[in-house]
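Please open the model in your viewer, with the sequence alongside, and keep the selection tool at hand. The stops below are meant to be taken in order.

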Amino acid sequence: MRTHHAIIVEAGGYQAAAAKIDPTDTALPGRIRFWMRRDSIPADQWNAVVGAGLSTLKELADAAEAKRAANDAGPQEQAA
């Protein structure tokens with residue numbers, strides 16, 4: 001399963017992903033770079049990511065849930 005970060009990287013990086021999602025939005029590359037740093041694509045952007053052919057809703061949801069579960073586990077449980 002790819003992380004949100006990996007989805008953007010495999011799209012060619014934040015600039016390429018922005019061009020695929022909405023080439024007219026000049027602020028989008030900066031926002032996508034922020035998503036990469038956080039490893040989190042906002043849920044309200046998922047349809048645009050799917051529409052650009054970068055992922056599926058299921059993959060985005062699964063990656064978000066995996067990140068949430070890892071964060072909930074805390075550092076001690078992750079190390080075990």
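Predicted model: local features only at pLDDT ≥ 70, side-chain atom pairs only at ≥ 80, totals over all residues.

Residues are numbered from 1 along each chain as its sequence is written, and side-chain values use heavy atoms, with hydrogens and water left out.

**The core**

Select Ile8, Ile32, Ile41 and Leu54, which touch the most other members of the largest nonpolar core, a set of 16 residues. A nonpolar core here is a set of buried Ala, Val, Leu, Ile, Met, Phe, Trp, Tyr and Cys residues joined through side-chain atoms within 4.5 Å; buried means under 20% relative accessible area, exposed over 50%, and partly exposed in between, with a 1.4 Å probe and protein chains only. Next colour helices H1 (4-10), H2 (14-21), H3 (28-38), H4 (46-51) and H5, each of which supplies at least two residues of this core, with the largest share, 4 residues, coming from H3. Helices are DSSP runs (H or I, at least four residues), numbered from the N terminus. Centre on Ile41 and show its contacts (heavy atoms within 4.5 Å): leaving aside neighbours within four places in sequence, Ile41 is in contact with His4, Ile8, Trp35, Trp46, Val49 and Leu60.

**Down the axis of H2**

Select Ala17, Ala18 and Ile21, which are buried in H2. Seen down the helix axis, the buried residues of H2 fall within an arc of 100 degrees, so they line one face of the helix; the arc is that of the directions from the helix axis to the C-beta atoms. What covers these buried residues includes H1, H3 and H4.

**Two buried positions**

Go to Ser55, in the loop between H4 and H5. Is Ser55 buried or exposed? Its relative accessible area is 9%, so Ser55 counts as buried. The Ser55 side chain makes a polar contact with the side chain of Glu59 at 2.6 Å, where a polar contact is a pair of N or O atoms within 3.5 Å; within protein, one must be able to donate a hydrogen and the other to accept it, and residues adjacent in sequence count only if both atoms are side-chain atoms. Not counting residues up to four places away in sequence, Ser55 touches Arg2, Ile7, Val49, Val50 and Leu60.

Move on to Ala63 in helix H5, which is buried at 8% relative accessibility. Ala63 and Thr3 are 60 residues apart in sequence, yet 5.3 Å apart in space, C-alpha to C-alpha. Beyond its neighbours within four places in sequence, Ala63 is in contact with Met1, Arg2, Thr3 and His4.

**Salt bridges**

How many salt bridges does a search of the whole structure find? The search finds 5, a salt bridge being a side-chain nitrogen of Lys or Arg within 4 Å of a carboxyl oxygen of Asp or Glu. Select Asp25 and Arg31, whose side chains meet in one of them at 2.6 Å, N to O; Asp25 is partly exposed at 23% relative accessible area, and Arg31 is partly exposed at 35%.

Then show Glu10 and Arg2, a salt bridge with the closest N and O atoms 2.9 Å apart, in which Glu10 is exposed at 55% and Arg2 partly exposed at 21%. Finish with Glu65 and Arg68, which form a salt bridge at 2.6 Å, N to O, and lie 3 residues apart in H5 (residues 57-79), about one turn of the helix.
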